[in-house]
Amino acid sequence: MPLTPRPLTCACPYSDGLSSEAHKSGIRIHTQIDIVTEIPVFYRITTARVHDVNSMDWFKYEPLACYVFDRGYFDLARLYRINMFGAFFIIREKGKPTYEIGDGESILDGTDNVLKDQSISFTKKENKEKYPGVIRRIVYYAPELQRSFVYYTNNFYLCAKDIALLYKYRWQVELFFYDKFIVMQSSHRI
């Protein structure tokens, strides 16, 4: 089933870098960016005490759009809500949730660096209540970093390598903000 072209949105927190875990002072800019136009479609400035995952409640979700989140946003109830909107999400695994495999291969052969592509259901009662549906679990090996990443998505249409590539693009957006922060921090000290 082909997808209607929709904006790919990336959720990225931006921190002023002045906060420490102990004091949580400073600010964060919770940003939703349309990847196609490279323009923020939403942002909210908060204190550093506001956790990233809270911003998921402020975003406006469009059917068939794809939202790519850092693992700091890993909240199964909120992800299931995105699924109910008819939108797609991609997120990196946080923790080691228990699950059962409904479909998919344990180890895949090929040159695309996809180690696993599975349809799973969560088995822990709390997780099963928060995300009662089937979700896709992808394990991707990044040779340039010599490590594997685990992604969860409700998108069963794109190939697993494309899911990993979209997540990689999300990281590029984060690096863009980091570079801007370094410039702002440098000019602040002058």
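How many bridges join strand S7 to S8, and do these strands run parallel or antiparallel? In this predicted model, strand S7, which spans residues 114-122, is joined to S8 by 6 bridges, and the two run antiparallel. Within this pairing, Ser 119 stands opposite Arg 136 of S8.

Strand S8 also pairs with strand S9 (residues 147-153), again in the antiparallel sense, and this pairing extends over 7 bridges; here Arg 137 has Tyr 152 of S9 as its bridge partner. The two strands S8 and S9 form a hairpin in which 4 residues lie between them, and Gln 146, located in the turn, has a positive phi of about 55 degrees. Because 7 of the 8 residues of S8 (residues 135-142) are buried, this strand is largely enclosed by the rest of the structure.

Tyr 152 belongs as well to the largest nonpolar core, a set of 23 residues in which Met 56, Phe 69, Leu 79, Ile 82, Phe 89, Ile 91 and Tyr 152 touch the most other members. Two or more residues of this core are given by each of strand S4 (66-69), helix H1 (76-84), strand S5 (88-92), S7, S8 and S9, and the largest share, 3 residues, comes from H1. When residues up to four places away in sequence are not counted, Ile 82 touches Met 56, Tyr 61, Tyr 67, Phe 69, Ala 87, Phe 88 and Phe 89. In soluble globular proteins, nonpolar side chains tend to be buried together.

Methods:
Residues numbered from 1 in each chain as written. Predicted model: local features only at pLDDT ≥ 70, side-chain atom pairs only at ≥ 80, totals over all residues. Heavy atoms only, no water. Buried < 20%, exposed > 50% of the residue type's maximum accessible area, 1.4 Å probe, protein only. Pairing = 2+ DSSP bridges. Core = buried A, V, L, I, M, F, W, Y, C linked by side-chain atoms within 4.5 Å. Contact = heavy atoms within 4.5 Å.
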